[in-house]
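This briefing covers the charged side-chain contacts of one protein model. It looks at selected pairs and their surroundings.

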Amino acid sequence: MTSSLPDLEAILLVGGQGTRLRPLTLGTPKPLLPTAGVPFLAHQLARARSFGVRRIVFATSYKAAMFEPAFGDGSAFGLSLEYMTEETPLGTGGAIRNAAEALTSGPSDPVLILNGDILSGHDIGDQVRTHLARQAAVTLHLTEVDDPTRFGCVPTDASGRVTAFLEKTPNPVTNRINAGCYVFTRSVIDSIPRDEVVSVERETFPGLIESGEVVLGYADRTYWLDVGTPAAFVRGSRDLVLGRLGSPALPGPAGEHLALDGARVSPEAKVQGGTAVGARAVVGAGASVVGSVLLDDCVIEPGALVTDSVVGTGARVCAGAVVHDAVVGDRAVVGPGNELRHGVRVWPDVALPERAVRYSSDV
Ligand code: GTP
């Protein structure tokens, strides 16, 4: 199937600040956060390659200098990679226009655009073939969600043409939303104004529809996740480790947990639910770690409980502490007796002192 595609070029949007994922993104841009044992982008690069993409231009801005040392020329992925940087962030449309300077595609060639924070199981090759067959200006991947009230929605007509981009509303007209993967005809990218802040979602796409261009929706219900929040980030890593979404970049067999080199997990610890254990991380006897991301060199002391959470590089969760649906920043210490729940975030280097646990019978 994919062999019928021409050698595809892609632009990967990776310049966002990732504010919703702070404090994890204070030191590392979202696309480089370790996810199921490798930088998040490794999963996207490997998938793109499997669909015939051969050359990718990174559109960088926030912490731009960190990308090239991580991926180099791309040969480890069978790809050729280029890096383009905006001096000031230009938004999604401006970033695509800026990165297009490094494309080699001709005006009528398709170019794949990927948001750098999406995990998707959809058939990119089929999306490109649909775009070519319908001679569209842009073909957007649309995903169907159960609760569209949390997103802007994207209605289409009977022929699949997108009719509008609607803001969030309590009564959405469709459960289809923009899934952050587009095929553009190259000449359409060149029509985006240069060196200006432009949003494809708010300006480019509505403008194309207004002027009668063919903007197509490519809808499906395969696996899809935007890893923009801590809870979604943890879910993405967990789903990859468990094999709910296959990834050619997973550094080991799918299973209850994935342990990187030098990790020490006590045989008396319970580590499951798709937990990723970072390099040299330690999980002590009697500790329970479920569905979580443990980054390199962190320590989960004996008897600590960690569920649906991220524990940062070099952080420590002490014996008797509970971390549930929370983020513990790099090198932070959660002292004995603390209970972190409901999306709590501990900033890097913070030390939460021991908390005496008092039961009503003690007082
Ligand atoms: P939040 O700050 O948490 O909303 O995250 P974000 O900064 O990543 O923004 P958002 O999730 O809306 O961005 C969608 C995609 O576009 C991500 O892959 C971002 O990296 C990317 N992106 C957003 N704005 C820019 C920009 O100005 N320049 C570049 N190069 N990429 C951008």
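Across the whole structure, a search finds 16 salt bridges. The model is predicted.

**Glu101 and Arg97**
- A salt bridge joins the side chains of Arg97 and Glu101, with an N to O distance of 2.8 Å.
- Arg97 is buried because its relative accessible area of 11% falls under the 20% cut-off.
- Glu101, in contrast, has a relative accessibility of 43% and counts as partly exposed.

- Arg176 has a relative accessible area of 26% and is partly exposed.
- Glu144 and Arg176 are also linked with Asp146 and Arg221 in a network of salt bridges.

**Asp349 and Arg331**
- Asp349 and Arg331 form a salt bridge, and their closest N and O atoms are 2.7 Å apart.
- Asp349 sits in the loop between β27 (345-346) and β28 (351-352), while Arg331 sits in the loop between β24 (327-328) and β25 (333-334); the pair therefore ties together parts 18 residues apart in sequence.
- Arg331 counts as partly exposed, at 47% relative accessibility.

Definitions and conventions: Residues numbered from 1 in each chain as written. Predicted model: local features only at pLDDT ≥ 70, side-chain atom pairs only at ≥ 80, totals over all residues. Heavy atoms only, no water. Salt bridge = Lys/Arg side-chain N within 4 Å of Asp/Glu carboxyl O. Buried < 20%, exposed > 50% of the residue type's maximum accessible area, 1.4 Å probe, protein only. Helix = DSSP H or I, 4+ residues; strand = E, 2+ residues; numbered from the N terminus.
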